[in-house]
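This report concerns charged pairs and a surface patch in a protein model. Please look at the sequence and the structure before reading on.

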Amino acid sequence: MQTNEATVEVFWRAYETLKPSERRALAERILRDRKLLDDFLDHVLIEKAKHVKGEAVTLSDYESGIAGKASR
């Protein structure tokens with residue numbers, strides 16, 4: 001097991017041992033930490049986007065508004 005995988009496993013097991021009230025407190029703390037919440041939301045959006053069919057677009061094309069104009 002890689003070091004980062006071992007670290008994740010430790011945190012996951014610790015989370016699983018929490019009582020429901022402790023899990024709720026942890027969730028509330030995450031929701032108050034804007035940077036951490038943004039990280040979680042980024043991961044959710046990336047996973048969701050992996051399942052959407054469409055044309056690959058570079059970030060620079062997307063940001064400049066070029067993406068999708070050729071197919072319209």
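The text below describes salt bridges and then a nonpolar patch.

The model is predicted: local features need pLDDT of at least 70, side-chain atom pairs count only at pLDDT 80 or more, and totals for chains, interfaces and linings use all residues. Residues are numbered from 1 along each chain as its sequence is written, and side-chain values use heavy atoms, with hydrogens and water left out.

Side chains of opposite charge can pair when their charged atoms come close. How many salt bridges does a search of the whole structure find? The search finds 3 salt bridges (a side-chain nitrogen of Lys or Arg within 4 Å of a carboxyl oxygen of Asp or Glu).

| Salt bridge | N to O distance |
|---|---|
| Glu 9 and Arg 13 | 2.7 Å |
| Asp 38 and Arg 34 | 3.3 Å |
| Glu 47 and Lys 50 | 2.9 Å |

Glu 9 and Arg 13 lie 4 residues apart in helix 1 (residues 3–17), about one turn of the helix. Helices are DSSP runs (H or I, at least four residues), numbered from the N terminus. Arg 13 is exposed because its relative accessibility is 52% (exposed means over 50% relative accessible area, buried under 20%, partly exposed in between, with a 1.4 Å probe and protein chains only). Glu 9, at 29%, is partly exposed.

Asp 38 and Arg 34 are about one helical turn apart, because 4 residues separate them in helix 3 (residues 34–49).

Val 57, Leu 59 and Tyr 62 form a nonpolar surface patch with about 350 Å² of accessible area together. Patch residues have over 30% relative accessible area and no salt bridge; like charges are joined within 9 Å, and nonpolar side chains (Val, Leu, Ile, Met, Phe, Trp, Tyr) within 5 Å. Accessible areas come from the Shrake-Rupley method with a 1.4 Å probe, and for residues only the protein chains shown count as cover. Tyr 62 lies in helix 4 (residues 59–64) and is exposed at 62% relative accessibility.

Conventions:
Helix = DSSP H or I, 4+ residues; strand = E, 2+ residues; numbered from the N terminus.
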